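Subject: Structure handover

Hello,

Here is the structure I promised to pass on. Please look it over first; my notes follow below.

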Amino acid sequence: MKGGLAAAGVALAVGALALNKSLVGVFYDDGLYAGIATALAQGVSYVHPHLPGSPAAVHYPPLYPAVLAPLFGVLSVSAAAVVAKVLNLLLAAVAAGLIAWHAARTELLDPGAPRWLTPALVAAAAIAIPVLATQSVLFAEPLFAVLLAAAVILADRGGSPWLIGTAAALALLTRSIGVAAGAGIACFLLERRTPWRVALKVLAPLAVAAVAWGLWVMTHERGIDPALGLNYGSYGEILRQAGISALGVSAPDLPRPLEVITLGWIPVRWLYHVTAAATLGVGLYGLALLTRRSAVGFTLVFYLAILAIWPYPPDRFLWAVLPWLALAWAVGALALWRLRWTRVPVALLVAALVGGYASYEIRGLAGGWAGTQAVAISDNFKELIPVIAGLPDSAVVATDDEALVWLYTHRTSVPFYLERYLGRETLRPTPAEHRAYLERMGVTHVLLASATSPSAGELRGLIQAYPGWLAAVYRWSGGRWLFAVQRAK
């Protein structure tokens with residue numbers, strides 16, 4: 001209990017330092033969550049209210065927006081954002097406390113491991129700079145972490161299969177990858193020779209949640225414009241675009257985010273690759289051992305397998321389970337430590353990882369890395385928003401961070417930057433395709449929020465292809481522009 005409280009306390013204290021007053025929507029998904037929550041609070045339904053026609057939301061499961069809805073229904077956007085960030089901080093601390101308490105109580109690492117090691121590992125992972133960055137905006141990861149921890153703890157302690165299944169189902173309704181929890185827990189129970197009927201009881205709530213969400217998606221996904229399929233469409237749409245050839249392209253990239261925060265200090269290329277390979281080997285060995293000790297072992301196996309084949313960068317998904325990954329690696333390292341001939345290489349590897357991570361954390365905390373990007377984007381849009389808010393109520397603005405623009409100006413907003421998958425390639429629209437999309441959306445204004453963003457390139461293509469179609473009506477410093485669409489051109 002003391003270890004759990006200590007880990008939660010560290011996560012709470014350091015996480016509080018990363019809290020900021022950045023606008024909602026700086027990291028894109030957080031704006032979409034807030035917009036859906038606002039629509040729910042207003043009784044509009046589960047929709048994207050910033051898009052023309054308010055199409056149904058089919059990309060994000062509904063639990064996290066439902067949690068945010070009371071906040072955005074009662075408070076102003078700014079006040080709701082502050083309370084929601086504090087809520088995420090509390091959820092992250094609870095998740096860290098639960099993981100540390102359970103891992104220490106069950107001696108998950110090793111019966112002979114020092115008692116302080118488990119809470120120290122969990123606390124260190126809970127305050128990683130990327131973890132702080134994701135919990136200091138309105139992302140669903142903290143809620144997902146709590147629900148995943150609850151499902152694992154219930155499964156390991158032989159809890160009610162219905163409660164286990166419900167916790168896994170709620171994790172699925174928070175992040176779709178929560179399906180890994182249900183599959184992993186079921187495999188763990190079967191590996192323990194648990195009767196089939198118990199495993200089926202665990203899977204029943206998960207199946208109900210998956211079917212219900214799947215029916216909603218199938219019923220409403222056609223309401224999303226095809227040009228918006230990558231960011232607003234269902235995961236089925238992403239698979240249709242990517243195709244079979246793109247599945248698995250993320251597997252080589254899977255270790256990269258973890259290497260960045262632990263091994264980035266190694267300057268010699270060959271030494272970096274050798275150390276990274278050894279680190280990966282220890283982690284995989286620990287994961288194999290963990291499958292025999294806890295439901296989280298098989299859960300992580302399925303979780304990582306999904307990330308390996310999914311055509312998205314794995315970063316955010318890994319930060320959501322970083323404490324569990326740290327424990328899995330420690331399981332492998334401790335098991336190898338018992339073999340005398342491996343003690344020296346294990347000790348060197350631990351020193352490299354701990355030293356690299358400590359250096360990264362110290363520099364990150366001192367430099368405020370967790371909030372740097374969010375604050376910079378927020379400050380940029382704080383300059384732009386007053387002008388956008390002065391546009392007519394009927395204006396439709398094409399911009400980056402369109403949900404942010406809608407939340408603070410109440411002007412209908414659509415994404416300007418477009419891309420799609422074609423197998424392993426990422427394609428951008430031709431000027432003709434881009435103009436047709438903007439006209440379908442009824443766009444009246446185009447906002448270039450940053451001269452260095454990818455949108456700038458697509459905007460230049462439109463201006464070159466259709467001279468006079470876009471007329472500059474406002475200019476900020478740094479090459480930021482507001483254009484009006486000339487309908488007659």
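I start with the surface. Leu12, Leu19, Val82, Val86 and Leu90 form a nonpolar patch there, with about 360 Å² of accessible area together. Patch members have over 30% relative accessible area and no salt bridge, and nonpolar side chains (Val, Leu, Ile, Met, Phe, Trp, Tyr) are joined within 5 Å. A salt bridge is a side-chain nitrogen of Lys or Arg within 4 Å of a carboxyl oxygen of Asp or Glu. Areas come from the Shrake-Rupley method with a 1.4 Å probe; for residues, only the protein chains shown count as cover.

Helix 4 (residues 77-105) gives the largest share of the patch, three residues. Leu12 sits in helix 1 (residues 2-17). Leu12 has a relative accessible area of 34%, so it counts as partly exposed. The classes are buried under 20%, exposed over 50%, and partly exposed in between (1.4 Å probe, protein chains only).

A word on the source. This is a predicted model: local features need pLDDT of at least 70, side-chain atom pairs count only at pLDDT 80 or more, and totals for chains, interfaces and linings use all residues. Residues are numbered from 1 along each chain as its sequence is written, and side-chain values use heavy atoms, with hydrogens and water left out.

Now the whole chain. The protein chain has 22 helices and seven strands. These are DSSP runs (helices H or I, at least four residues; strands E, at least two), numbered from the N terminus. Buried residues make up 54% of the 489 residues. The C-alpha atoms fill a box of roughly 80 × 55 × 45 Å along the principal axes.

Two loop residues are worth a look.

Thr174 lies between helix 8 (161-172) and helix 9 (179-191). Its relative accessibility is 0%, so Thr174 is buried. The Thr174 side chain reaches the backbone oxygen of Leu170 at 2.8 Å. Beyond its neighbours within four places in sequence, Thr174 contacts residues including Tyr33, Pro61 and Phe144. Contact means heavy atoms within 4.5 Å.

Arg411 lies between helix 20 (402-409) and strand 2 (412-415). Arg411 is buried because its relative accessibility is 9%. Which backbone oxygen does the side chain of Arg411 reach at 2.7 Å? That of Ala389. The Arg411 side chain also reaches the backbone oxygen of Pro392, at 3.3 Å. Not counting residues up to four places away in sequence, Arg411 touches several residues, among them Asp393 and Trp406.

Best wishes

Methods: A polar contact is a pair of N or O atoms within 3.5 Å; within protein, one must be able to donate a hydrogen and the other to accept it, and residues adjacent in sequence count only if both atoms are side-chain atoms. Patches are made of residues with over 30% relative accessible area and no salt bridge: like charges are joined within 9 Å, nonpolar side chains (Val, Leu, Ile, Met, Phe, Trp, Tyr) within 5 Å.
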